[in-house]
Structures are given as C-alpha cells and as structure tokens.
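Have the structure open as you read.

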Amino acid sequence: MDYTQQPLLFRIRKVLRYVLLYGIRRTWIKVRAQYHMKRSAPVAYRPPSDPAAGGHVGLIGCGNFAYSNIAYYLRQNFGSKILRGCMDINPARAASLCRSFALQYFTTDAEQILADPAIDIVYVASNHASHAEYAIRALRRGKAVHIEKPHCVNRDQLTRLCRALLETNGKATLGFNRPCSRIGTLIRKYLDAQSGPAIFNWFLAGHQIDPDHWYFQEQEGGRVLGNLCHWTDFVYHLVPAQKRFPIIITPTRSDRSDCDIAFTYLFGDGSIAAITFSAKGHTFEGVRERFAAHKGDVLVSMDDFKTLTIEIGERKLNRSGLFRDHGHESRILASYRMVRGDNEGEDVAYIWETGLLFLETREALETQQSRQIEEFSRSFPSD
C-alpha cells in the first residue's frame with residue numbers, strides 16, 4: 001500500500017499508531033522512507049571520491065529497508081563518516097539515500113562499489129534474485145558482506161555462495177534479525193535451558209500484495225523466500241544443532257503456494273514446528289506475529305516482539321519493551337563489527353542449512369509433497 005496516497009486522516013492515524021509502536025525517531029525515518037521510494041526526478045551523478053575522503057561501508061540497493069534500517073542504524077551508532085558509497089539501479093533513489101545520510105558518492109553501477117579499495121564491507125539489500133550474485137562478487141573482491149534475506153533464490157546460488165565463502169575465507173552475515181532481538185534472545189535462553197523435544201507454533205498475518213508485485217516474479221522467489229524465511233530461520237535456531245536433522249517438511253495449501261499457507265517441520269529430536277501464514281487485506285500495524293512454545297517445564301508466548309510471557313512451573317515472568325524490537329539494529333551492527341574484529345561472521349554450514357530449509361519449504365508448498373533435508377556435511381555437494 002502506498003501510504004502517501006491515502007486520505008489525510010488515515011495517514012495521521014498511521015503515524016500516531018507507529019509512534020506508540022516504534023517511537024518518534026523510528027516513525028520519522030519510516031515516513032521519510034515512504035517519500036524516498038517515490039523519488040523520480042533527474043539527478044546529477046556524483047562519481048566515486050578519492051579514498052582519502054573517508055568512509056568504508058558500501059550499500060548495494062537503496063530501497064526502503066536500506067534507507068530506514070541499514071543506513072539509519074549505521075549512522076545512529078557510528079556516524080555518517082563510515083558510510084562511503086551506495087548503488088541502486090534507480091538513480092533517484094541512490095541520490096536520495098546518498099544525500100540523506102551524507103555518503104561520499106552514489107552510482108547505478110555495482111562494480112564501482114565492489115572495485116572501491118576504500119570499501120571493506122558491503123551491505124546487499126537489492127532485489128532478492130541479485131543478493132547472492134552481488135555477495136559472491138564482493139567476497140571474491142576480499143570484502144566482508146551482509147546479505148539481506150533471502151541470501152539466495154535457488155540451489156545453484158546457495159552452492160556458489162557457500163563455495164565463495166570456503167574458497168576466499170570470506171566473512172558474511174545474513175539479515176535474519178529476529179534471533180538477535182531482545183525478546184528473541186530471551187526465548188532462546190529459556191528454551192535452551194530445557195531438555196527434550198519441543199513444540200513451536202507461529203501465526204503470521206502479513207500484507208496482501210498485488211499479483212503484479214515484484215515479489216511474485218518467477219526469478220525473485222515469491223513470499224516464502226521474501227517473507228517466511230525469517231520464521232523458518234528462527235525455528236531452525238531453536239533446535240540444538242546436534243539434534244536438528246533430518247528435518248521433514250510437510251506442506252498444506254490450497255490454490256496458492258505463497259499465501260494463506262501452513263507447513264510443519266519434524267526435527268531429528270522429535271521437535272515439531274508449525275508455521276501458518278495468512279495474507280488477507282491490509283494489516284494496519286504491519287506484519288503481526290504470535291509465537292508459542294512448550295519445552296520441558298517452560299511455556300512461552302510472544303506477541304509482535306513487544307510482549308513475552310515465560311511460565312516455568314509455578315513461576316510466571318512477563319517481559320515487554322517500550323517499543324517493538326525485531327532485532328534490525330542488533331543484526332546490522334553485528335555485521336558491521338565483522339570489520340572491527342569483533343565478529344567472525346556466520347559459519348558456512350549455517351548459511352547452507354538455513355538456505356536449504358527455506359528453498360525446500362518453497363518446493364514442498366509448490367509440489368504439495370513432503371521434503372526431507374540433511375545437515376551440511378551430508379547435503380553440500382562434494383565436487
């Protein structure tokens with residue numbers, strides 16, 4: 001939905017609700033991002049500057065997420081001087097982000113970002129089908145890379161991405177933010193303290209999007225890769241690595257494989273995860289998420305990464321934040337710390353396994369047949 005074209009009263013209500021959910025500063029950048037996405041005026045090209053001019057972070061893709069999250073949080077925490085260059089195929093958006101966050105230059109040619117000797121980390125937030133391709137090129141240029149979700153749209157991309165990591169000893173992080181959130185961290189802490197198999201249940205309500213939306217273009221992977229990979233990744237983290245595989249995927253759907261769907265995972269230790277995704281009409285507060293889990297003596301319930309209830313026997317703990325926190329800031333900053341020596345990046349096995357999980361989930365939903373996946377050592381091609 002284009003909020004800028006809605007009636008004034010709707011826009012006022014939307015802003016006021018978001019102030020309650022996210023605070024004034026986050027709401028303001030979200031509003032600015034809406035207008036950023038509509039930039040279309042011709043712009044004067046700003047070429048790469050001398051490396052001595054400063055900055056060492058490059059951005060590929062200057063859409064809503066790069067504007068309202070990546071550039072925003074990097075500037076808030078480290079200042080604009082670390083930001084160097086940005087690229088987008090839409091020059092007006094590249095220019096808008098560049099000017100808003102005081103970057104050194106912008107371009108429509110990704111090669112200029114990748115070839116810039118001053119840039120040592122690249123945040124990739126372009127269209128989904130290009131994520132792995134840009135990341136592979138960055139790794140082979142010796143740069144660390146943050147790859148927004150999904151990090152691949154097919155098995156070939158996933159294989160080549162993992163090979164690039166292995167062959168270059170490169171560092172990469174993935175844009176799955178929810179495990180990094182304060183509430184996500186607490187959920188993992190309390191569940192990890194229990195033994196035995198668990199039951200996990202996610203209910204997700206997302207926006208209905210137009211059939212001609214770019215998410216539905218065949219090469220982009222659809223909504224399973226564009227949206228649901230967040231939650232497939234989260235439940236992956238909730239099962240201990242040594243007990244995770246094999247994972248059996250069982251789909252349920254009607255006429256569409258991307259929307260109004262459900263699927264279950266049966267993990268190697270007997271844990272079961274059920275994920276239900278509904279996309280009907282407009283959700284005024286954005287994506288809605290409700291999670292419940294039972295493991296050992298612990299019961300967990302969570303709403304929208306804002307409120308959390310933990311029950312351990314007779315004890316009941318309630319945790320809530322002033323605002324919603326999906327973990328975007330923590331994830332973006334953790335990626336930046338790769339080039340400061342504080343973070344070694346993700347393990348290749350994890351990058352392979354979480355990618356394989358959402359790829360095979362999409363395949364199960366499209367074919368309406370169960371699928372089974374194995375761990376990295378058994379499933380990664382040896383040649």
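Pro-150 sits in the loop between strand 5 (144-147) and helix 7 (155-168). Keep in mind that this is a predicted model. The bond leading from Lys-149 into Pro-150 is cis, with omega near -10 degrees. There's another cis bond between Phe-245 and Pro-246, where omega is about -5 degrees. Pro-246 belongs to the loop between helix 9 (222-238) and strand 8 (247-252).

| Residue | Phi | Loop between |
|---|---|---|
| Asn-169 | about 60 degrees | helix 7 and strand 6 (172-174) |
| Asp-304 | about 55 degrees | strand 12 (298-303) and strand 13 (307-312) |

Is each of them buried or exposed? Asn-169 counts as exposed because its relative accessibility is 71%, while Asp-304 is buried, with a relative accessible area of 8%.

Now for the surface. Arg-182, Lys-189, Arg-315 and Arg-319 come together there in a patch of positive charge. Helix 8 (182-192) and strand 14 (315-320) each bring at least two residues to the patch. Arg-319, part of strand 14, counts as partly exposed at 32% relative accessibility.

Stepping back, the chain has twelve helices and 15 strands. Its radius of gyration is 21 Å, close to the 21 Å that the globule rule gives for 383 residues, so the chain is as compact as a globular protein of that length. The C-alpha trace spans about 60 × 60 × 40 Å along its principal axes, and 52% of the 383 residues count as buried.

Technical notes:
Residues are numbered from 1 along each chain as its sequence is written. This is a predicted model: local features need pLDDT of at least 70, side-chain atom pairs count only at pLDDT 80 or more; totals for chains, interfaces and linings use all residues. Side-chain values use heavy atoms; hydrogens and water are left out. Patches are made of residues with over 30% relative accessible area and no salt bridge: like charges are joined within 9 Å, nonpolar side chains (Val, Leu, Ile, Met, Phe, Trp, Tyr) within 5 Å. Accessible areas come from the Shrake-Rupley method with a 1.4 Å probe; for residues, only the protein chains shown count as cover. A salt bridge is a side-chain nitrogen of Lys or Arg within 4 Å of a carboxyl oxygen of Asp or Glu. Lys and Arg count as positive and Asp and Glu as negative; His and the chain ends are not counted. The place of a charge is taken as NZ of Lys, CZ of Arg, CG of Asp or CD of Glu. Helices (H or I, at least four residues) and strands (E, at least two) are DSSP runs, numbered from the N terminus. Buried means under 20% relative accessible area, exposed over 50%, partly exposed in between (1.4 Å probe, protein chains only). The radius of gyration is taken over C-alpha atoms; the globule rule is 2.2 Å times the number of residues to the power 0.38.
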